[in-house]
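Please look over the sequence and the structure shown below before reading on. The paragraphs after it take the chains in turn and then the place where they touch.

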Amino acid sequence: MSKDNRFIALKKTPFHSRTSLASRTNKWYNWNGYTVPTEYSTTELEYTAARNGTSVMDLTPMCKYEIKGSDAHKYIDYLVTRDLSEMNDNTVAYIIWCNEDGKVIDDGTIFKHSSEHFMLCCAVKILNWLNDSAIGFDVTIKDVTDTIAALSIQGPTSCSTLKNFGADSLENMKPFEMKEYNINGYNVLISRTGFTGDLGYELWTDPQNAETMWDSVMEAGSLLKIRPFGMNALEMTRIEAGFIQTNTDFVAAEDALRPVRMRSPYEIGMGWLVHLNKKNYFVGKNALKKEKQSGTTERCLVGLDIDGDKPAHGSVIYNEKKEDIGIVTAALWSPTLKKNIALASLKRPYGIKIKDNIFAEIYHPEEIEYRKIWARCKIVKRQFYSPERRNNVPADLYE
Amino acid sequence: MSQSDYDVIVIGGGHNGLVCANILAKKNKKVIIVEARSTCGGLLDDQIINCVPNFSTEVVNALGGLSVKYKPKSTIALSETGQHIRLTGNQHIDHRSIATFSESDADRYVEFHNKMSLFSKTLGSFMMSSPPRVMNHNYSDYFKLFKLGMNVRFLGKKNFNEFARMIGLNIADELEDNFENTLLQGLIAHDSIIGSNLGPRSPGTVINLMYRMANHDNSIFGGNYEIEGGCNQLTDALVSLAEKNKIKIITSAKVSKCIIQDDRAIGVELEDGKQIYGKSVVSNADPKSTYFNLLGSENLDTDVKRRVKHYRSKGRVAKLILDLNSIPSFNNCDESDLESRMIIAPSIDYIEENYNRSKFDKLSDEPIIELSLQENSEGMKRLNVQVQYASYKVQHGWDEAKDQCINSVIKLIKKYSPEIEKSIEGKKFISPDDVEIDYNVSGGHWHHGEIQIDQLFMLRPIPGASQYKTHLDGLYMCGAGSHPGGGLSGIPGKNAAQEILKGTN
């Protein structure tokens with residue numbers, strides 16, 4: 001930390017000069033010790049950019065760890081529940097990892113440069129966990145959050161924007177692939193990843209290139225409806241895409257004060273990421289195997305399509321006998337789908353075997369008073385929004 | 001699953017491994033012992049041990065008898081002035097002995113002895129069987145815990161309060177409250193810290209003493225024995241029993257890892273690549289070696305690795321063996337005194353000063369030592385010296401520190417036996433680091449790990465592995481790292497065998 005930064009409570013990202021210029025509302029919040037905008041102008045406008053043009057988000061505060069060493073591949077495969085033994089170089093994978101009780105600590109993405117070099121991105125700081133897990137493996141783990149500047153470029157015109165920016169033949173990149181580019185004289189890693197459920201990319205570069213990169217990207221997208229994008233709009237897009245958020249939809253196992261609040265992957269709809277038959281042992285396998293065999297999974301995370309248009313923030317979910325069967329973890333009136341959607345954590349068998357006669361009690365705020373709404377819910381797929389272009393190769397291009 | 005060559009593979013032929021194997025073989029299990037060294041016995045070796053407690057009667061019974069002769073050893077605390085204190089474990093004799101210095105100390109000693117015996121018996125009742133594992137929500141486990149609770153409660157209100165007061169107490173406070181003679185204080189304090197990484201003023205030393213007493217016939221200074229003919233007599237007896245029970249023993253065969261299939265131990269692989277298959281595997285190795293080497297850190301949950309890493313197993317005792325050409329004389333000691341366990345730890349402060357240095361991995365110029373003279377019919381005369389607070393990974397390394405340690409020990413002995421140096425013909429020094437390498441015990445700890453409240457009962461060696469099971473199905477532990485710990489009782493081996501039989505029948 002430089003001498004001038006010693007007494008600054010919140011750090012500025014390498015894009016700060018640009019994000020602060022773009023901020024019209026002066027709404028900021030603390031993300032992992034950095035100050036970043038919650039919204040730049042209007043959340044709805046930013047959301048619209050992500051769904052109809054290109055959105056640009058400063059992703060730098062996300063926890064990033066560099067994992068290097070001769071055992072790096074073996075170590076990553078051991079750390080996470082997913083079978084990554086066949087993971088290719090220059091690809092990215094969505095992962096979750098658990099503690100010994102098979103409870104989820106966090107989700108994230110793993111970037112593979114080579115079998116001896118990985119980067120892990122996630123929401124919660126976990127350096128200690130990574131280091132303790134590394135006992136017995138030849139790896140070194142470094143927190144590189146401060147040394148890599150990251151931008152998320154999402155939306156239908158994002159590929160065109162980045163082609164204008166200088167990423168040649170980017171349209172041929174498949175989802176979850178990545179490639180090192182040299183653009184305008186500096187290196188930038190581009191991966192086809194994102195948190196909006198649409199076509200999108202993430203850019204990773206040295207902090208010293210951050211400002212020029214921001215300017216070039218903005219310039220490249222000037223005719224493609226580009227707009228900086230804050231955390232509030234991200235929350236909207238990620239709910240539509242059905243992505244879960246640690247410490248919102250579930251409590252990270254390492255943070256939970258009450259053991260009953262910890263969730264297994266099966267309880268948050270991540271069972272598909274657990275490969276019990278993978279060749280090597282992984283952290284939490286014994287517990288997850290036991291849970292799977294004994295069928296003791298207690299909860300599930302489902303998508304709800306709720307009657308009416310009042311978002312069910314924090315609503316309690318009931319059965320027809322008015323018995324409490326769960327809670328809404330995230331809710332939204334979806335402008336694109338024109339639906340009242342929510343993610344809800346329910347006590348099984350509700351949501352799995354019993355899908356009918358489920359109700360949400362919505363408290364709709366109306367100027368200091370609340371209106372109580374009893375709304376019927378339909379259990380639906382959690383990926384509310386998943387356009388075809390998300391996975392198209394070559395990616396859709398716009399002039 | 002691959003074909004199993006044996007019912008049980010025992011890794012390590014230490015005394016607990018031998019006990020475990022023998023009990024299993026008596027129940028018609030086909031057993032093999034795989035020993036890394038050229039002979040069995042492990043730390044049950046004259047090179048390591050001065051004197052031993054009696055092998056647990058229950059273990060001997062479970063083995064169907066054992067022909068080993070024990071010779072009781074009394075204890076003598078040496079004083080530079082020649083005013084030694086001699087204790088035997090017999091209350092009447094000890095009372096008289098102490099009374100020559102202080103009438104009040106003598107009376108208090110009897111009271112202290114009775115109190116500690118009562119408490120150690122209460123704890124001892126808990127030691128013969130597997131510790132309960134509350135996480136199991138098993139009725140019999142709850143009952144066991146309830147029984148211990150009741151045992152303590154039934155001590156009566158006065159004793160219960162006293163037990164509660166003492167359980168976390170340091171021994172120095174208790175001794176200073178009771179006794180005026182500093183030599184007596186030093187002697188009891190010595191036996192409360194011996195083998196551990198605690199000083200007399202460290203909390204938990206009282207329970208350390210209780211634990212030691214539970215292993216030594218509930219007596220502070222009795223219950224110390226010498227095996228006639230040396231420690232290998234006990235090993236030989238266990239080995240010949242093994243032969244009788246048709247146990248196969250292979251030596252000079254170091255296991256490199258456990259063979260795991262479908263999340264279960266199905267055998268072992270030796271360093272030369274040879275594989276042996278068995279239905280169960282039991283490790284007599286210390287917990288750190290068992291988990292990190294045999295099981296392998298790539299097969300452990302992170303939380304388990306954390307616990308194993310935290311497991312405290314740094315050895316604190318070195319051994320110096322002096323070969324002598326004649327029986328040395330000690331100031332103011334007669335022949336029978338020379339047959340005793342001779343202790344040089346003249347006061348609590350003396351011990352604490354030593355401990356302070358060891359905290360920083362430094363050696364003391366005036367160490368704490370326990371001497372034991374060994375003779376045999378062939379004319380061998382040997383002075384076995386146990387040096388307390390000789391740190392594992394001592395400052396500057398043992399290669400450099402070794403001579404310094406030997407010199408300060410001999411200089412110290414000279415104060416009590418001025419002529420000793422003339423009779424020394426050979427010296428052999430064994431540091432905790434040597435124990436680690438030569439005996440394959442990580443940390444070189446006597447008891448495979450500290451005997452302290454955080455590593456006792458169901459917490460030994462680590463939570464989740466307390467009933468002789470490890471985190472891998474089919475792999476068990478039977479060494480001193482398991483309940484009730486070290487001390488040459490054979491109980492961990494016996495209890496482990498019973499757990500394995502439970503698991504396979």
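This is a predicted model: local features need pLDDT of at least 70, side-chain atom pairs count only at pLDDT 80 or more; totals for chains, interfaces and linings use all residues.

Residues are numbered from 1 along each chain as its sequence is written, while chains are lettered from A and ligands numbered from 1 in the order in which they are written.

Begin with chain A, which has 8 helices and 20 strands. Here helices (H or I, at least four residues) and strands (E, at least two) are DSSP runs, numbered from the N terminus. The radius of gyration of chain A is 21 Å, close to the 21 Å that the globule rule gives for 399 residues, so chain A is as compact as a globular protein of that length. That radius is taken over C-alpha atoms, and the rule is 2.2 Å times the number of residues to the power 0.38. Along the principal axes, the C-alpha atoms of chain A fill a box of roughly 65 × 55 × 50 Å.

Of the 399 residues in chain A, 47% are buried. A residue is buried if 20 or more other C-beta atoms lie within 10 Å of its own, exposed if 12 or fewer, and partly exposed in between, with C-beta atoms placed from the backbone. Two residues are in contact if their C-beta atoms, placed from the backbone, lie within 7 Å. Among contacts in chain A between residues at least 6 apart in sequence, 68% join residues at least 24 apart.

Asn232(A) lies in helix H7 (residues 231–241) of chain A. Asn232(A) counts as partly exposed because it has 18 C-beta neighbours inside 10 Å. Between Asn232(A) and Thr42(A) there are 9.5 Å in space, C-alpha to C-alpha, although they are 190 residues apart in sequence. Leaving aside neighbours within four places in sequence, Asn232(A) is in contact with Thr38(A), Glu39(A) and Thr43(A).

Now turn to chain B, with its 18 helices and 16 strands. A compact globule of 505 residues would have a radius of gyration near 23 Å, and the 22 Å of chain B agrees with this. The C-alpha atoms of chain B fill a box of roughly 70 × 55 × 45 Å, taken along the principal axes. Buried residues make up 53% of the 505 residues of chain B.

Which residues have the most contacts inside the largest nonpolar core? They are Val10(B), Ile11(B), Cys20(B), Ala21(B), Val34(B), Met210(B) and Val282(B), in a core of 136 residues. A nonpolar core is a set of buried Ala, Val, Leu, Ile, Met, Phe, Trp, Tyr and Cys residues joined through C-beta atoms within 7 Å. A second, separate core has 108 residues, including Ile110(A), Leu343(A), Cys377(A) and Tyr385(A). In soluble globular proteins, nonpolar side chains tend to be buried together.

Met210(B) is also one of the buried residues of H9(B). In helix H9 (residues 205–215) of chain B, 11 of the 11 residues are buried, so the helix is largely enclosed by the rest of the structure. The buried residues of H9(B) pack against helix H4 (103–124), helix H6 (157–166), helix H7 (171–178) and helix H8 (182–193) of chain B. Just after H9(B), Asp217(B) takes a positive phi of about 50 degrees.

In the loop between H6 and H7 of chain B is Leu169(B). Leu169(B) has 15 other C-beta atoms within 10 Å, so it is partly exposed. Not counting residues up to four places away in sequence, Leu169(B) touches Glu174(B), Pro203(B) and Val206(B); Val206(B) is among the buried residues of H9(B).

Finally, where do the chains meet? In all, 13 residues of chain B are in contact with 14 residues of chain A. On the chain B side, the largest share, 6 residues, comes from helix H12 (residues 302–310) of chain B. The residues on this side of chain B divide into 2 nonpolar, 4 polar and 7 charged. In this count Ala, Val, Leu, Ile, Met, Phe, Trp, Tyr, Cys and Pro are nonpolar, Asp, Glu, Lys and Arg are charged, and the others, Gly among them, are polar.
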